[in-house]
Amino acid sequence: MGQEFNPKILGFMCHWCCYAAADSAGVARYQYPPNVRTIRMMCTGRMDPLFIIDAFCVGTDGVFVGG
Amino acid sequence: MEEFVRKILVKVGINSDRFALEWASAAEGPRFVKLITDFTTKIKSLGPLGEPEGDSKDELLIKLFAARNALEKAKLRTGLGKLTKGFRKEGDYSDQIIKDKVNEKLAKSISAEIARNETLLRIQKEGPIHFDDLTQKIGMPRTDIEKYVAAFRKKGLVAEADGQLSVTSRKSEG
Amino acid sequence: MESVQGEAGNFTARVHTAARYINEELCTGCGTCTMYCPVMIVDIFNEGLALTKSLHKDYPQAVPSSFYIDPKECLFINHEMCRICVSTCQAQAIDFSQTEEDHNLSVGSVILAPGFGHIDDEVLSRHGFGKYPDVLTSLEFERLTCASGPTEGTIVRPSDQRPPKHIAFLQCIGSRDETCGNGYCSSVCCMYAIKEASVAKEHDPDLDITIFYMDMRTQGKEFDASRQRAREKYGIKFVRSRIAGIQEQGDRLRISYVDGRGVHHGKYFDMVVLSEGLESPEGADDLARNCGIDINKYEFCSTQAFTPLQTSRQGIFVAGAFGGPKDIPESVTEATGAVASVDSLLNKVRGSQVEKKEYPAELVIGDEPRIGVFVCHCGSNIASVIDVAAVREYASTLESVVYADQSLYACSQDAQYILKEKIEEHNLNRVIVAACTPRTHEPLFQETLRDTGLNRALFEMVNIRDQCSWVHAGEPEEATEKAKDLIRMAVAKSCLLEPLPEQQIPVIPKALVIGGGISGMTAALSMAEQGFETFLIEKSDKLGGNLRNVSALLSGEDPGKIVKEVEEKLTSNDLIRVYTGAEVESVSGYVGNFTTNISSALGTQVIEHGVIIIATGGRPYEPKQYCYGTSRQVVTQLELEDAISSGALEEDLQQVVMIQCVGSRGDDLSYCSKICCGQAVKNALRILDKYPNANIYILYRDMRTYGFMEDYYKKARKKGVVFVNYDKEKAPVATDTDGKLSVTFFDEMLDEDITLEPDLLVLSVGIVPNDVDSLSKILKVPVTKDNFFLEAHVKLRPVEFSVDGIFMCGLAHSPKPVNESIAQAKSAAGKAALPLAKGVVSVEPIVSKVNPEICIGCGICVSLCPYQAIQMVKADKKKKAETISASCKGCGICASHCPKLAISMGGFTTEQIRSQIRAFGG
């Protein structure tokens, strides 16, 4: 391998909570690893187990749900 | 939902640490950063999907597809819905209670539904396949698999010849 | 505020504004300027525990979300040098030519909400603040515990940056203290100290925390439960003592105090937190003078018990801590209450200065998606990290993308013009903007879409600034890749976007108020004064509720008079219909469209209305303890009041004992009933007025005479009322021996039991909510374990339910004195008037939609919906779920739990999300 493993991570974020927290992290210019791709939802209640399995089906290495 | 997903992941053969459910309020930027950083580190340490889990990529995928197909159908979804409804009614959301209830009410049908879908998927993908091979690959009791196969045959999806199973009308799934 | 001329309904308010030196209209809030500003200053918002720049904003959520320059520190303003910020701002928002300005505003009414002020440093210094670095104020400690505070939530000692092990909280700093001029109780410090201590314990379970207090005044809703949790779950210690002194010894702080038995102690702590009180806001006297209103001796705004939101000047109202120290829920409550008061004054001109925007007719879009992608540079905020040109190039290669562009500021006015032009030129039917966050900018772009005739649901935003370039500044390549991935996912979703209807559901502009005590009466009157027809229903045969049984208030007002006044106003107001002897039989419908059956002696009547206010109230607890009912010498406070006012007390009353918390605080009811301490003090003083030589003993657990009530408590002490503290475990005992009553209680100071034979034993009984069972079932609204109605959010939405269109006030919410009930009633009326005044409920297009073809009528969604926004309907004799769009909040729990995937969420359908996931996979 040699090269460092760069995981593909999918994030599902609640519009009012984690998505907003992520925005405020940006405003404060905090830095974090660039691996996560975010799908915004209006609420974590929208989170269907199907989406998580779907994510692994397309080869996602990790799924982060942020309420 | 969380415990339910974990159960499925374990069943499929994925380290359930690959899935995290966390909370951060709008003002908690630093907390979000910590959560994401920690999660990324954890996934890095786990390695690429499937690799540490030991299964071959194809094996993992077939189980994942089986889980996905199961989750598209009403049986498991109804189970989850009813369970959530129960929690809402009781008002008790402690971790232990949720764990116990998922185990008590859903564990069986999770296994069964994934196996049922896996049976069909394997026959579609790997058929003609011998019943014994099928049973061994799926890793469930032979009687269960027989039951699923019988149902598929009844629906005209699967045919048997000399102990070899294959699909009748090739509907590609996954 | 420099002056208020004129009269209610027609004021000219002269307002002085300082210069921000940054044009709010142009500032995009990107924050580049602050990074380059070379002047570090002390961060006042973080209580001086951190540094910020001269060019800054106080906190990320500040409104407006624009920055400003502190003129005292700016190098250019003071020395004509620097100006670095000007060159960094590509939006050209920095404007040093700004000056202070005076504005004359024509307004009909004024609401004063300046909040509260800090306790003087000199007062704090008496407790070691300023002298010992590890003595902090509670506000400083609050910042330390805050995840977005200066230490990101880690508690460390300012002296050595090490985490403390032992922390002491000292209560009543600058409160209940005549020596600093603040005789009143600040009302909120006990609870916030418990909260801060609990938060600290959650961070570090090994912390040892002691709270030194005089009375633990946790009288708010569910506050006692928090206190109990603090003691039992977190192991926080509570010591009843005002400390004698604090001294630094080595690197620790020694607190000396005397306990209830008179024994001296010395204890060491690593950190001491001063629970500072709430003072009147700085400049309160100037503000009062400029507005022509009265302030009290503590320089808080003067109000009356029955008009808690009204200043001494007509048309000027007050909300929040300026009217007296108070907690968040009361402040929020008063804010909407003040709005209702204003609306009562100005409803005739409501909306008269509003211009309605018109949109072009909506275009019918073709089947084929034609997507336009616009990538924003955000000045250099995005472009300095992400290769915008490469991202645009990549976007243009994606399927269905027919146009891709980049722009310096996608949110600027001219960019909107270009956006419109491109939509028309390329016949775009889906638009993606990759820029900042949809949380702030989605509405702007959606507006532009609507201006071109495109439905706003055909818009998708990609966050490549706040969640990409800003947070991956050191990894430009990865950030660029991330931006591409996110756009690919957005394109996949966009292909499936559909126009969604802009629903507006008409509202019946009438209100139903349930309960005719002072809260319900006030709410009904307020609704009518705001111009809405109102039905007021009362179970008993007359209005007035509990207040009819109260003969005087602590502050001297006459309750009988106010009940009569309000009743007269109600009966003379044509918009109000009062039903006495009436009850709610059934309610159906949703916000804007309720149908209610009322049963009364006249039979069942059906009324239609848009909102409901619950004011079903409470009643006194019926005691069985302390020989009540067996000895004629034992009465409740209300019975005593009746005897005092009717002159039925015996001639030579010599000794009276009062027992507090009868029924309350774990006796029978788990909660504090909030009013009984004030009631006991009031009646003790009234007895002393008549019988100056009477001996009065008040046996209490914590005297909760919060706020300005404290003055009366002190007065009672001065007049010789004896206050004896008792423990719940060692409660007083009353015995009736052959008609002779005696009361025995433990005196901690003397360390012995004392027995008295009073002429009268008065029980301060708690408040029990009226039967809530049937109403909570009829309306499907939640109640607490104590059977009070449960609000949508205890702090921020104190009079609303999670279900839209239903509100609450008064004792049905929690025990409270009459001034708070009235404020809350006005607040409920203020909130309830909102949908009625709008005339329609506008539905955000994110609501859920059930496909009846697929729905199997299992009802899981109905039972899971937190907003009662799904109902079962019969179609072709089959049960089907159906969304009540007006109530739906778009959370999606119905969709994610639907066995048949029959429910789609506007803009977040299962297929849209799954396509995003697939696109993520590549």
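Begin by selecting strand 3 (62-66) of chain A together with strand 1 (residues 19-22) of chain B, two strands that run parallel and are joined by four bridges. Strands here are DSSP runs (E, at least two residues), as helices are DSSP runs (H or I, at least four residues), both numbered from the N terminus, and two strands are said to pair if DSSP finds at least two bridges between them. Within this pairing, show A:V63, which stands opposite B:F19, and then A:G66, which stands opposite B:E22.

Before going on, note that this is a predicted model, in which local features need pLDDT of at least 70 and side-chain atom pairs count only at pLDDT 80 or more, while totals for chains, interfaces and linings use all residues. Residues are numbered from 1 along each chain as its sequence is written, and chains are lettered from A, with ligands numbered from 1, in the order in which they are written.

Now widen the selection to the whole sheet, which is open, has four strands in the order 2(A)-1(A)-3(A)-1(B), and is paired in parallel. Its edge strands, each pairing on one side only, are strand 2 (36-41) of chain A and strand 1 of chain B. From one strand to the next the twist averages 15°; axes are lines fitted to C-alpha atoms, for helices over the stretch in contact, and angles run from 0 to 180 degrees between N-to-C directions.

Next, select the contact between chains A and B, where chain A gives 34 residues and chain B gives 37 residues; residues are in contact if their C-beta atoms, placed from the backbone, lie within 7 Å.

Then turn to the contact between chains C and A, which takes 37 residues from chain C and 30 residues from chain A. Several helices of chain C each supply at least two residues of the side that touches chain A, including helix 14 (476-495) and helix 24 (910-921), and helix 24 gives the most, with eight residues. By class, this side of chain C has 17 nonpolar, 11 polar and nine charged residues.

Finish with some backbone details in chain C. Select C:V63 and C:P64, which are joined by a cis peptide bond with omega of about -5°; C:P64 is in the loop between strand 5 (55-56) and strand 6 (68-69) of chain C. Move on to C:R83, which has a positive phi of about 55° although it is not a glycine, and which is found in the loop between helix 2 (75-79) and helix 3 (84-88) of chain C. C:R83 counts as exposed because it has 12 C-beta neighbours inside 10 Å, the terms being buried for 20 or more other C-beta atoms within 10 Å of a residue's own, exposed for 12 or fewer, and partly exposed in between, with C-beta atoms placed from the backbone.

Conventions:
Two residues are in contact if their C-beta atoms, placed from the backbone, lie within 7 Å. Ala, Val, Leu, Ile, Met, Phe, Trp, Tyr, Cys and Pro count as nonpolar, Asp, Glu, Lys and Arg as charged, and the others, Gly among them, as polar.
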